[in-house]
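Hi,

Here is the structure I promised to hand over. Please open it first, then read the notes below.

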Amino acid sequence: MKKVSIVVPAYNSHNTLPRCLDSLVNQTLQDIEIIVINDASTDDTWQIMLDYESRFPEKMVVIDGGVNRGSGGARNQGFDMASGEYIGLVDSDDYVSSRMYELLYNKAKETNADIVDTGFFSEAMDKAIVYTSDNLTGMLDTDKRVKLIASGGYLVTKIFRNELWNNPPIRMREHVRCLEDTEILIYMFLKAKNISNVKEVMYYYCDVSQSATKTMDLQNYYDSIYGAIKALYDVCHDLDTYEECKEIMEYVMINLYSYGVNRCLYDQIVRYGGMKENIKKYFNNVGNREKRLLSDLALLKKKIITVDYQNNSEVINRINNLDILIMKECDRRYTI
């Protein structure tokens, strides 16, 4: 068994994959496997992968996915192959410090952690962030889980004990343009018993100008939102820790619901202005397509949300009143 398996999905990554793989094959932790999945690229990504495999056969595992399944589907192929004691994820646009996996693995063994997090640097924001602060490390209780879920973070800055992915098996949604890992990170916070951190910046996130979230039309955005809400409930609600974290869980789903509703109403909000006296105008003048989407979204929300907005302190404290009023109007029109 390798110490760490690192899963890298790659799609048309000619410009960035060599830098990414250079940072991985030069890790100071030697006992690793780097699993790179070609997600049906149309450029020379597969040839780049084969070149690295030929030069680093003791570390590289390359998979030609055959059909495009999105980053979630490509990662799933990697998870199926991963033999490491811990599993890490890297995006092919990004790169990491040469010491990252040695430090994370050593911290995991030192603290018997299920998850170890580290800091990342965002080129677009010119900002370094460590999401898992010291007060959230150690054995997890309800308070820590709630704060971890609220603070968010990224899968790619962490390593996870293999059993979290495979006992029972948990995999990402496929053919999804964005938010394909929303439920996975939260599932991990609910499932893990112990979390640790390494307070150094070791993951370098490189914003891509044509990333999916920047080029997404209404239907794709809506599908991503709807899918994330449904997956959060389906994947997490049977976990033993769900009930104790219900308010923050329902806040996350309601917040996504708000994004979906506002996206459907976007043209009307721009037209009339963002004021509560205009809310009825948004709904009265929205197109039939948007009405159908709003109805489906409202019915999903009604099915899985159990706490009213005003009785969920996380919602009241974190979502502005105008957005709550818009959601209430959507509920009134499509679920009553």
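D126 sits in the loop between β6 (115-122) and β7 (127-129). Helices (H or I, at least four residues) and strands (E, at least two) are DSSP runs, numbered from the N terminus. D126 is not a glycine, yet its phi is positive, about 50°. Its relative accessible area is 60%, so it is exposed (over 50%; buried is under 20%, partly exposed in between; 1.4 Å probe, protein chains only).

Before the rest, the ground rules. This is a predicted model: local features need pLDDT of at least 70, side-chain atom pairs count only at pLDDT 80 or more, and totals for chains, interfaces and linings use all residues. Residues are numbered from 1 along each chain as its sequence is written, and side-chain values use heavy atoms, with hydrogens and water left out.

Next, the loop between α6 (162-166) and α7 (182-191), which holds P168. The peptide bond joining N167 and P168 is cis, with omega about 0°. H175 is in the loop between α6 and α7. Phi of H175 is positive, near 55°, and this residue is not a glycine. H175 counts as exposed because its relative accessibility is 59%.

Leaving aside neighbours within four places in sequence, R69 is in contact with D39, A74, Q77, E174 and H175 (contact: heavy atoms within 4.5 Å). R69 lies in the loop between β3 (60-64) and α3 (70-81). R69 counts as buried because its relative accessibility is 18%.

Best wishes
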